[in-house]
Amino acid sequence: MKQMVDMIAAKADQMEEIIRHAGEVMKSNSPAAGAVHAKDGIANFVTDFDVRIQKYLIGELSRMFPGCGFFGEEETDGNDHNTASGLCFFIDPIDGTTNYIFGYHHSCVSVGVSSEERMIAGFVYNPYVDEFFSAVQGHGAFLNGQRLHVSDRSLEEGIAAYGCARYNEGDTNALFQVAKELYLNSLSLRNGGSAALDLCRIASGSNVAYLELKLQPYDFAAASVIIREAGGIIGQVDGSEILLDKPCSILAGTPKAVEQVKQVCRNFCVCTC
Ligand code: IPD
Ligand code: CA
Ligand code: CA
C-alpha cells in the first residue's frame with residue numbers, strides 16, 4: 001500500500017496535467033442537441049464529451065500505470081475493473097452532466113485512485129473557476145496548491161448541501177424529509193448538481209455537510225480522500241464505511257455536523273441503501 005501511495009504522490013503533477021487538460025476539453029465545448037443522449041431512467045444523460053473525456057483519461061492513465069483497473073461512469077473500451085496491478089482509477093469524466101448540458105458552468109472532472117480496495121488519492125477539477133482539488137493519503141488535501149482544512153462548524157453555523165437524481169426516485173420522500181430538517185437547522189441549503197464539487201466544498205470549508213441517499217463510487221471516490229485528508233468525515237448515513245463496488249448512501253461533513261445529520265437520519269428511519 002505505502003509503495004502505491006508513494007508512486008501516486010510522485011506522479012501527482014503529471015496526473016494533474018492530464019486532468020486539467022480533460023477539464024479544458026469539457027469547458028471549451030458546449031454539447032449541441034445531437035451530442036446529448038439518454039441513458040436508463042428519467043433525466044439520465046450522457047454527452048459525446050463525457051465519452052471522449054473518459055476515453056482520453058483511460059488512455060493516458062493506462063500508459064502511466066500499466067495494468068491498472070478502471071471504474072468509469074461511461075461504457076467505453078478499457079473501462080475494466082481489473083486490478084491486477086492493485087491500482088484502480090474511479091473516473092467521472094463529467095460530474096454535473098445536467099449542469100453541463102444546460103450551461104450552468106458548474107461541473108468537474110473527478111478521478112479517484114484505490115489500492116487494494118482502499119481509496120488512496122483523489123483529484124477533482126472545475127475548469128470554470130480553475131479550482132483543482134487534490135489529495136494523496138498522508139500528504140494532506142489541497143486546492144490549487146493551498147492546504148485545506150475542514151471547518152469545525154456545526155450544522156447551525158454553516159451551509160449544508162444534498163444531492164438527488166431523478167433516476168433514483170425511490171428515496172424521494174425520505175430524502176426531502178431530511179433535506180427539510182437540514183434547511184431548518186442550517187444557515188442555508190444547496191444542491192449544486194455535482195456531488196464531487198459539493199463534497200470538495202466540505203474540504204475547503206464552504207459546506208458543513210453533504211447528504212445523498214444513493215451515489216455511485218465514481219461520484220464520491222476522489223472527494224472522499226480530499227475530505228479525509230482535510231480532516232473531515234465521509235461514510236454512509238448510518239456511519240458505516242463507503243462502498244467501492246456498488247452505490248451507497250453518503251453522509252459527509254465536519255465532525256460536529258455529521259453527528260447531527262446522522263441523528264436526523266435516525267429520527268426519520270433513513271438507512272443505507
Ligand atoms: C450526478 C451529480 C449530482 C448527484 C447525482 C449524480 P452526473 O452525477 O453528481 O449532483 O446528485 O446523484 O448522479 O450524472 O452528473 O455525473
Ligand atoms: Ca457523477
Ligand atoms: Ca458523470
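Is Ile94 buried or exposed? At 1% relative accessibility, Ile94 counts as buried. Buried means under 20% relative accessible area, exposed means over 50%, and partly exposed lies in between (1.4 Å probe, protein chains only).

This is a predicted model, in which local features need pLDDT of at least 70, side-chain atom pairs count only at pLDDT 80 or more, and totals for chains, interfaces and linings use all residues. Residues are numbered from 1 along each chain as its sequence is written, chains are lettered from A and ligands numbered from 1 in the order in which they are written, and side-chain values use heavy atoms, with hydrogens and water left out.

**The calcium ions**

Start with the metals. Donors are N, O and S atoms within 2.8 Å of the metal (3.2 Å for Na, K and Ca); water is not among the atoms, so sites may look incomplete.

| Ion | Donors | Distances | Spacing along the chain |
|---|---|---|---|
| calcium ion (ligand 2) | Asp92 (OD), Asp95 (OD), Asp219 (OD) | 2.0 to 2.2 Å | D-x2-D-x123-D |
| calcium ion (ligand 3) | Glu73 (OE), Asp92 (OD), Ile94 (O) | 2.2 to 2.3 Å | E-x18-D-x1-I |

Asp92 bridges the calcium ion (ligand 3) and the calcium ion (ligand 2), which lie 3.7 Å apart. Glu73 lies in the loop between β3 (69–72) and β4, while Ile94 lies in strand β4, so this pair ties together parts that are 21 residues apart in sequence. Strands (E, at least two residues) are DSSP runs, numbered from the N terminus. Asp92 and Asp95 are both buried.

**Ligand 1**

Which residues come nearest to ligand 1? Of the 16 residues around it, they are Asp95, Gly96, Thr97, Tyr167 and Glu212. A residue is near a molecule if one of its heavy atoms lies within 4 Å of it.

Polar contacts are pairs of N or O atoms within 3.5 Å; within protein, one must be able to donate a hydrogen and the other to accept it, and residues adjacent in sequence count only if both atoms are side-chain atoms. A polar side-chain atom of Glu212 lies 2.4 Å from an oxygen atom of ligand 1. Thr97 uses a backbone N or O atom, 2.8 Å from an oxygen atom of ligand 1. Taken alone, ligand 1 exposes 370 Å², and the protein buries 91% of that. These areas come from the Shrake-Rupley method with a 1.4 Å probe.

Strands β4 and β12 (207–215) each supply at least two residues of the shell around ligand 1. The largest share, three residues, comes from β4.

Cys88 is in strand β4 (residues 87–95). Cys88 is buried, with a relative accessible area of 0%. Cys88 and Cys68 are 20 residues apart in sequence, and their C-alpha atoms are 5.6 Å apart in space.

Leu213 belongs to strand β12. Leu213 is buried as well, at 8% relative accessible area. From Leu213 to Ser114, 99 residues apart along the chain, the C-alpha separation is 23 Å.

**Two loop residues**

Glu116 has a positive phi of about 50° although it is not a glycine. Glu116 sits in the loop between β5 (108–115) and β6 (118–126). Its relative accessibility is 53%, so Glu116 counts as exposed.

Asn144 has a positive phi near 50° and is not a glycine. The loop between β8 (141–143) and β9 (146–147) holds Asn144. With a relative accessible area of 40%, Asn144 is partly exposed.

Notes: Helix = DSSP H or I, 4+ residues; strand = E, 2+ residues; numbered from the N terminus.
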